[in-house]
Amino acid sequence: MRGYPPGVVLSTSRIGLVRIDPGATVVEIDGDHDLRSVARLRGEVERILDEGAAIVVDLELTTFVDSSMLAGLLDARRAAERRELGFAVNMPSDGAEAVQRVIEITGLGAALPIFETREEAVAAVRAERS
Amino acid sequence: MSSSDLTIELPARAENVAVVRHAVAGLAEAVGMAPGQIADLKTVVTEACMNAVVHAYDEEPGPIETHVHRDGDALVVTVRDRGAGIRPRPDTSRQSLRMGLPLIAALSTSFELSGALGQGTVVMMRMNLSSNGDEPAEPATAPLEHGARLSMPARGLVGPVLSRVVSIFAVRANFSVDRLSDAILLGDAISAQGADLFADDTTHVVVDEVDGSLKLRVGPLREGGGETLLERMRIPEIGGSLEGLADAVEVERDGDGERLLLKVSGRA
């Protein structure tokens, strides 16, 4: 059997982009993310907004975010607002506890438009556009 | 070093924080910490390490040392750097929300921050193994809405501390100069005459200002201590009596011993 011994941590952290249509792009933030990922997040957000597209940040498969990533998310929302482009977050309520906790305890749940599913988040940014 | 001690030292670089996070989470799992607590532990450890990465060394290389040990039903995690120490800095970048420390405060069972300019920073965080311990402990006594509650060593400190606190409350209550010195004298007298009458090593005093008067509650005194103190202060050599300085004197008794209740009004 091919495999790793128990306890080995597989680094599956990734930031992926899925272009839904010319007007909306999903940023998938999978795995653990901290200060190391923030520059990448900011860069992708900047690029998407430059294209004139709305942003959906997908936290469904996120297992960990630290405060610098939260700052990155909040800045992404502000940048989208400045350009009058849509911004939404998808985070299912049964997602990773570590992510739910920091968002709840920092009060960012109220500062970010959070939706249960990716479909709802995409629909929300599309509704903003029309 | 006990079986659940762990020490990790590595360069203070952002990519190393995940190493500490996973190592500490692995230990937490091994000692049976509840999953919700492990989630919080990962956050507080990350924030403490990131603080060292971002603030400790000003681009210079330097270490982060993390130590974890079990203390009863909790893990105690200490994150130490050898950097510039805690420095007040204006928020010149928008890189952070300055949430690191508030997150540590909110998610840990308790935490301590220490350090000095040029001597590095130490963040010590305690996390209970189960979340049951998160409930705030019932305070032993009801919180005060006004006034002050002081605890101090029965010998030596009562006089110097009590007379200062009494004088502040007396000034606040617009005491006349005469009554102010009476109030201070009262504090000094209790400590001078009562040092051997206190029941415990620690003396508790509640000072409060009510309608221009000061109320003091001093104790616990040992059995008969209240009466003895009043008796001693009737001796003319000390310049009058407790009753002369205070407008009302009462001895209260309960299971813990005796307490002296005093009232001094601001005007003669």
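Two residues are in contact if their C-beta atoms, placed from the backbone, lie within 7 Å. This is a predicted model: local features need pLDDT of at least 70, side-chain atom pairs count only at pLDDT 80 or more, and totals for chains, interfaces and linings use all residues. Residues are numbered from 1 along each chain as its sequence is written, while chains are lettered from A and ligands numbered from 1 in the order in which they are written.

**View 1. The side of chain B that touches chain A.** Here 25 residues of chain B contact 20 residues of chain A. Elements giving two or more residues to this side of chain B are α1 (14-30), α2 (35-55) and α3 (100-107). Helices are DSSP runs of H or I, at least four residues; strands are runs of E, at least two; both are numbered from the N terminus. α2(B) gives the largest share, ten residues.

**View 2. The packing of α1(B) on α2(B).** Their axes (lines fitted to C-alpha atoms over the stretch in contact) lie 9 Å apart, at an angle of about 150° on a scale from 0 to 180 degrees between N-to-C directions. The pair is therefore roughly antiparallel (over 145 degrees). Residues in the contact include V17(B) and V24(B) of α1(B), and L41(B) and V45(B) of α2(B).

**View 3. V65(A) in strand β4 (residues 62-65) of chain A.** V65(A) is buried because it has 24 C-beta neighbours inside 10 Å; the cut-off is 20 or more other C-beta atoms within 10 Å. Leaving aside residues up to four places away in sequence, V65(A) touches H33(A), L70(A), V99(A) and V102(A). V65(A) and A98(A) are 33 residues apart in sequence, yet 7.6 Å apart in space, C-alpha to C-alpha.

Conventions:
Buried ≥ 20, exposed ≤ 12 C-beta atoms within 10 Å, placed from the backbone. Parallel < 35°, antiparallel > 145°, perpendicular 65-115°, else oblique.
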